[in-house]
Amino acid sequence: MNQQPDADAPTVQFPAPRLPVDQQPSSAGFIPVQSGHTPAPGRQRSSRRRFFMAGGVAAAVLGAIGGAGAYAYAGEVPRGTSVLGVDIGGKNRSDAIAALHAGLAKQAGKLGNPVAVRLGDRAAEVTPADIDLGVDVEATVTVAIEASPNPIGRLLGSRTVEPVVTLDEGKLHDLLGTALGKDARAMKQPSITFSGTTPKPNYPQPGRGLDAARSADAVRSGWLGGGPVDVPIVEIHPATTKEDVDKLVAEFARPAVSAPVTVTTERGDVTVAPAAIAKSLRLVADKAGRIEPALDAKKLRAALSTPLGAVEVQPKDARVAIVSGKPRVTEGTEGRQVDVTALATDLLAVLPKSDERTVTGKLVAAKPATTAADVAKLGIKERVSTFTTKFTGGLGAPRSQNIVQIAKDVDGTLVKPGAVFSLNGHTGERGYRQGYRDAPVILDGKLVPGVGGGTSQFTTTLFNAAYYAGLEDVHHKPHSYYFDRYPAVIESTIFWPDLDMKFRNNTEYGVVIDTSWTDNSITVSMYSTKVWDSVSTEYSPRRNITSPKVIKLPKGPTCIATNGIPGFTQDAFRVFKKDGKVVEREKFTWTYSAEPRFTCG
C-alpha cells in the first residue's frame, strides 16, 4: 500500500545526478525526465521513495558519527593509532609521549641490537648507542597528531605511524669510514703551488667513499626493517674542477706574482717583491675542495723581514741585569710594527691587478712579550750556579774574540719555566757577518781552520753552569778528544747547524744567563731561586785507555800539529742534595778517542 507523506512533515531532498542519456538509470532505479514527458503518478511516488531511502541511510551514518563524536575525537591522537606496536590512540599529547616512551623501553633490548650494514662487498655492524640511533618520541607523536584521518576513518579505522628516527651523522660517518677501510679512496684536493714565482696547478681527482647524508638516510630507513642495511659507496668530487683551477691560475695566481706591490707607511715605503708574495700566498683547498686564496701573515712577515726592518721599531722585552751580583729588573719598551694581518687582507685585493698595485700599511703598537711585572713573578733573586774555564792568547786572539762574541749573544737571556734553551737556536749561524772569525776547529777528527773556532769552550762553560744549577740536560755531545782545560765527560762541543747544546728549565722559577770574561777566562752564571742544597760531581776511574797514533800530514795552511792525547772511557755522576740528603744521582758516560799525534811535513 502506498502512503503519502504528511504534507506538513519536513523533507530532505537530494538533487538528481546529471548523467549522460546512455547512463541514465533503468526502471529499477531513477527514471530520466525528458522534455515533453510527464511520468505517471505512481512512478513518481516510487522515485521519491527511493530518494527518501537514500537520505535515510546518510542520515543514519551522520547520526552515528554525531552520537559517537565524543568517543572518536577523545584525545589529540586518533584512536587506533600505534607506533612499533605501541597503542597511543585516544590520548592527549603528553600521555601519548609517556605511553610511547614506556612501550619503547620494553623493546630496548631489540632496538639496541647491532644493525647489520653492507658497504659494497664489506659487511659491518653499527651499535645504535654508538651513533645515537633511536626514535624521536616527541616528533613521532607530533606526526601522529598532524596526520589525522577523516571522520569515518577516525571512528572505525586503525593505522600504524612510522617512527621518526634520528642519529648522529658525524659519528655514523666516522664508524662507517673505518669499516670501509682500504675500499675508500681519498679525493685528491686541488691546489696551486709556486716554483719560484711560477704557479704550478695541481688538479683534483675524485675519491671513493661515503656521503654522510646518504649513509644516514639509509640507516634511518632500514634500521627497523630487520635485514642488512645497504649503505651506498659513492664517487666524491672536489668542489673545484680542473677548469676552475686553470681559471684561478690565469686570473689570480699569475697576476699575483707579475709585479711587486708597494706598501706605503708613515715611516716610508716597503716593496713586496713577487718572490715574497709567492712564499706567503696559499692556494689550497678546504675539505670540500674549494680554493680560497689567502696570504699567510707569518710567512709574509718572514719574507719581508729585511724591508720591514727599515720602517719598524722592534719592542724590547723587560730584562734582568746583574748589578753588583744582584738581579735587577728593567722595564721593556714598546715598538711599532706593520700590522701584517691587515696587510695580508689588503694585498689580496690588489694581487689580481696589473697596475695600481699599492696598499697602505698601518703601523701599530707592538708590546714587549715580557714585561717587568712578568719577570717579577718568576722569582729570580740569587745566583744558583757559576762556572769558569780558562783560555790562552789574550782577548786579541781570534779564538778568544769568538768566545767573547758568543758570550755577548747569550748574556742576559731569560729562560722561562718549562722552556728549552737551544744555543744554536738562540745565536743562529755564527759566521763572519755575525762578528765571528777564523780559528782552529775539530773537523773529521783533526784541527783545521774554521769560522767560529773557540765557541765550543763557551758551550762547555754554559753546559756546566746549567749542570750545576740542576737544570735538565736535553742534548749535548762531548768532544771526540779530551782536552784538559775542560772537565772530563761533562763538557760539550757545538757546530752549526748539526751539533747543538740544549737544556730545559725544569723548575718553577725563571733563569737568567749572565756571562762575563777576562783576558784569559770566560764565566757563565745562572740566576734564579735555589731548588737544591747542592749539585756536585763524582767520577769513576778511567778505563779502556788507548794510546795515540802518529799521523803525518802534508805541510800547508790546513795542517795544525798536535802532541796527541790518550783516549779513555769514564763515568760522571751528578749528585743532587736536598735537606742534607742525596735525593738523586744522574749518570753521564763518555768514551774519548785517542787524539792522533799530527805532524806536518
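# Reading a predicted chain of 601 residues

Mentor: Of the 601 residues in the protein chain, 37% are buried. The model is predicted: local features need pLDDT of at least 70, side-chain atom pairs need 80 or more, and totals for chains, interfaces and linings use all residues. Numbering runs from 1 along each chain as its sequence is written, and side-chain values use heavy atoms, with hydrogens and water left out.

Trainee: Why is Ser191 called buried?

Mentor: Buried means under 20% relative accessible area, exposed means over 50%, and partly exposed lies in between (1.4 Å probe, protein chains only). Ser191 has 13%, so it is buried.

Trainee: Where is Ser191, and what does Ser191 touch?

Mentor: Ser191 is in strand β8 (residues 191-195). Strands are DSSP runs of E with at least two residues, helices are runs of H or I with at least four, and both are numbered from the N terminus. A contact means heavy atoms within 4.5 Å. Beyond four places in sequence, Ser191 touches Lys200, Pro201, Asn202, Val245, Leu283, Val284 and Ile291.

Trainee: How many helices and strands does the protein chain have?

Mentor: The count is 16 helices and 36 strands.

Trainee: What share of contacts joins residues at least 24 apart?

Mentor: The share is 69%, taken among contacts between residues at least 6 apart in sequence.

Trainee: What makes Lys316 exposed?

Mentor: Its relative accessible area is 57%, which is over the 50% mark, so Lys316 counts as exposed. Lys316 is in the loop between α11 (305-309) and β17 (319-323). Leaving aside neighbours within four places, Lys316 is in contact with Gly332, Thr333 and Pro368.

Trainee: How do you know the span of α2 is close to the expected one?

Mentor: The expected span is 1.5 Å times one less than the number of residues. Helix α2 (residues 93-106) has 14 residues and reaches 20 Å from first C-alpha to last, close to the expected 20 Å.

Trainee: Which residues of α2 are buried, and where do they sit around the axis?

Mentor: The buried ones are Ala96, Ile97, Ala99, Leu100, Gly103 and Leu104. They cover an arc of only 165° around the axis, so they lie on the same side of α2. The arc is taken from the directions from the helix axis to the C-beta atoms. An α-helix has 3.6 residues a turn, so residues three or four places apart point the same way. On the other side of α2, Ala105 and Lys106 are exposed. The cover over the buried residues includes β1 (81-83), β2 (86-87), α3 (108-111), β5 (134-135) and α4 (137-146).

Trainee: Why is α16 described as largely enclosed?

Mentor: In α16, 13 of the 14 residues are buried, so the rest of the structure largely encloses this helix. After α16 comes Gly470, with a positive phi near 80°.

Trainee: What makes a set of residues a nonpolar core?

Mentor: A nonpolar core is a set of buried Ala, Val, Leu, Ile, Met, Phe, Trp, Tyr and Cys residues joined through side-chain atoms within 4.5 Å. The largest one has 35 residues; among those touching the most other members are Phe421, Leu462, Phe503 and Ile513. Elements that each supply at least two residues include β22 (382-390), α14 (398-410) and α16 (455-468). The largest share, six residues, comes from α16. Apart from this core lies another, of 34 residues, among them Val135, Val137, Ile145 and Ala216.

Trainee: How many aromatic pairs does the whole structure hold?

Mentor: The search finds 10. Rings of Phe, Tyr and Trp (its six-membered ring) pair if their centres lie within 6.5 Å; planes under 30 degrees apart count as stacked, over 60 as edge-to-face and the rest as tilted.

Trainee: Why is the pair of Tyr482 and Phe568 called edge-to-face?

Mentor: The centres are 5.5 Å apart and the planes 70° apart, so the pair meets both cut-offs. Tyr482 is in the loop between β27 (472-475) and β28 (502-504), and Phe568 is in strand β34, 86 residues apart. Both residues are buried.

Trainee: What are the values for Phe483 and Tyr486?

Mentor: This pair has 6.2 Å centre to centre and 80° between the planes, and is edge-to-face. Phe483 is buried at 13% relative accessible area, and Tyr486 counts as buried at 4%.
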